[in-house]
Amino acid sequence: MAGLKRRVPMHSLRYFISMVGLFSKSGLLPWYARNPPGWSQLFLGTVCKGNFTHVIATKCQKGQKSQKKPSHLGPLDGSWQERLADVVTPLWRLSYEEQLKVKFEAQKKILQRLESYIQMLNGVNVTTAVPKSESLPCLLHPIIPSPVINGYRNKSTFSVNRGPDGNPKTVGYYLGTWKDGNIVCVRSNNLKNIPKKHSQVAQYYEVFLRQSPLEPCLVFHEGGYWRELIVRTNSQGHTMAIITFHPQKLSQEELHVQKETVKEFFIRGPGAACDLTSLYFQESTMTRCSHQQSPYQLLFGEPYIFEELLSLKIRISPDAFFQINTAGAEMLYRTVGELTGVNSDTILLDICCGTGVIGLSLAQHTSQVLGIELVEQAVEDARWTAAFNGITNSEFHTGRAEKILPGLLKSKEDGQSVVAVVNPARAGLHYKVIQAIRNCRAIRTLVFVSCKLHGESARNVIELCCPPDPAKKLLGEPFVLQQAVPVDLFPHTPHCELVLLFTR
């Protein structure tokens with residue numbers, strides 16, 4: 001390994017990670033190609049030409065230069081709504097077919113750079129190997145399109161700040177940067193990925209704020225009270241709203257008045273037009289609080305929303321992770337299920353399992369499902385979903401995967417087949433989780449789902465595939481990347497999920 005390390009200096013790794021971060025993702029599988037949309041043939045064996053970043057810059061982000069004087073910001077090229085769309089949904093000006101071409105090319109470039117680095121780790125001289133333009137570490141399938149293109153988000157988070165007219169009680173999405181001091185909050189009415197129902201709730205929250213005597217909390221350490229709004233919906237149209245509020249030094253009696261006021265607004269006031277299924281209120285003294293740190297308080301309505309997915313009824317708590325495109329999630333989870341190849345002798349290990357949908361959807365085909373998730377409410381949702389759907393061979397554990405996984409895997413070295421599925425947050429997996437997976441001989445198949453394969457996620461892939469390294473406690477046999485399947489859950493944006501199959 002010493003010789004290999006000399007051939008791959010640290011600046012090469014930093015360069016690799018930085019370059020991977022320039023690109024996004026894309027790809028399709030044989031089982032999906034049985035009934036593809038007519039235009040999907042465009043992507044079977046073809047990719048778009050040209051540089052991904054260039055395409056975005058020239059076609060999708062015209063006139064997006066930052067301004068440093070917040071009081072004099074005005075529309076540059078197009079309306080405020082167009083400028084917002086160019087930032088939040090940079091591909092909105094392209095047809096969906098063109099968007100998929102861009103994403104597929106981006107995924108291909110990511111895999112090419114992974115291949116270059118994996119070859120170097122294995123002592124291959126990349127200057128004499130297959131040219132980068134042709135070299136891929138695995139079979140890359142065409143991209144699986146989203147069944148829903150517009151208004152697909154089931155969760156939206158709206159900020160509160162000064163609008164284009166200077167009113168500090170404007171609810172929407174940010175343009176500008178905090179660094180440049182040119183933040184402007186623009187309403188989301190015309191964003192293609194936001195459902196009309198979400199924008200409606202945001203508009204009424206703005207109406208409420210503008211009649212409230214309390215100021216909004218624009219900069220966290222500078223006072224103010226009213227903060228973010230989160231809206232969650234399901235396919236049946238049920239709507240959950242969550243208001244984040246900085247209590248500052250208000251007494252409990254004063255807090256009670258504010259809760260009753262906002263509750264009354266959405267039950268019997270103008271906000272009743274939103275027909276909320278539930279309204280939550282969170283007193284947050286930090287920029288971001290979990291339910292454990294500051295409990296969500298149900299002001300009225302049902303405590304959960306429910307979704308139907310893959311023949312399961314799923315319970316979703318206010319802060320539980322659930323893929324933001326429900327129809328696309330079905331495609332994603334079917335893809336994961338196909339790649340795992342589980343059978344009745346398999347233990348399925350679902351790491352970062354969220355509400356447990358992947359594991360529970362495959363439970364009938366496995367001997368046991370073991371899930372690990374940090375968010376306690378999500379684990380409670382997974383257990384409820386298992387019980388409601390009559391699934392008895394599942395077990396869910398609350399906590400950090402790096403602490404739970406090593407102990408859980410110690411008992412799985414008896415020859416029984418273990419298939420692992422990981423769907424981490426954008427930050428990737430903790431290195432101790434990678435160590436535990438590498439060092440567990442029972443894990444022969446791993447399916448890795450990433451929505452942003454750069455930084456820590458890219459390092460995760462490298463550490464899964466690199467030669468054994470005692471210094472890093474990576475003692476097990478390396479994995480080999482076999483297949484990659486891009487699944488588009490985020491139309492109009494550069495992002496998509498990339499599903500990777502590893503075996504050893």
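Helix 10 is followed by Gly390, whose phi is positive, near 70 degrees; helices here are DSSP runs of H or I with at least four residues, and strands are runs of E with at least two, numbered from the N terminus. This is a predicted model, in which local features need pLDDT of at least 70, side-chain atom pairs count only at pLDDT 80 or more, and totals for chains, interfaces and linings use all residues. Residues are numbered from 1 along each chain as its sequence is written, and side-chain values use heavy atoms, with hydrogens and water left out.

Helix 10 (residues 376-388) has 13 residues, which at 1.5 Å a residue should span 18 Å, and this agrees with its end C-alpha atoms, 18 Å apart; the expected span is 1.5 Å times one less than the number of residues. Its buried residues (under 20% relative accessible area, 1.4 Å probe, protein chains only) are Gln377, Ala378, Val379, Asp381, Ala382, Thr385 and Ala386. The elements covering them, by contact (heavy atoms within 4.5 Å), include those below.

| Covering element | Residues |
|---|---|
| Strand 10 | 312-316 |
| Helix 9 | 357-362 |
| Strand 12 | 368-373 |
| Strand 13 | 394-398 |

An unreviewed UniProt entry places the feature "active site" at Cys451, although such annotations may be inferred rather than shown by experiment. Cys451 lies in the loop between strand 15 (443-450) and helix 13 (456-465), and counts as buried because its relative accessibility is 16%.

Terms used. Buried means under 20% relative accessible area, exposed over 50%, partly exposed in between (1.4 Å probe, protein chains only).
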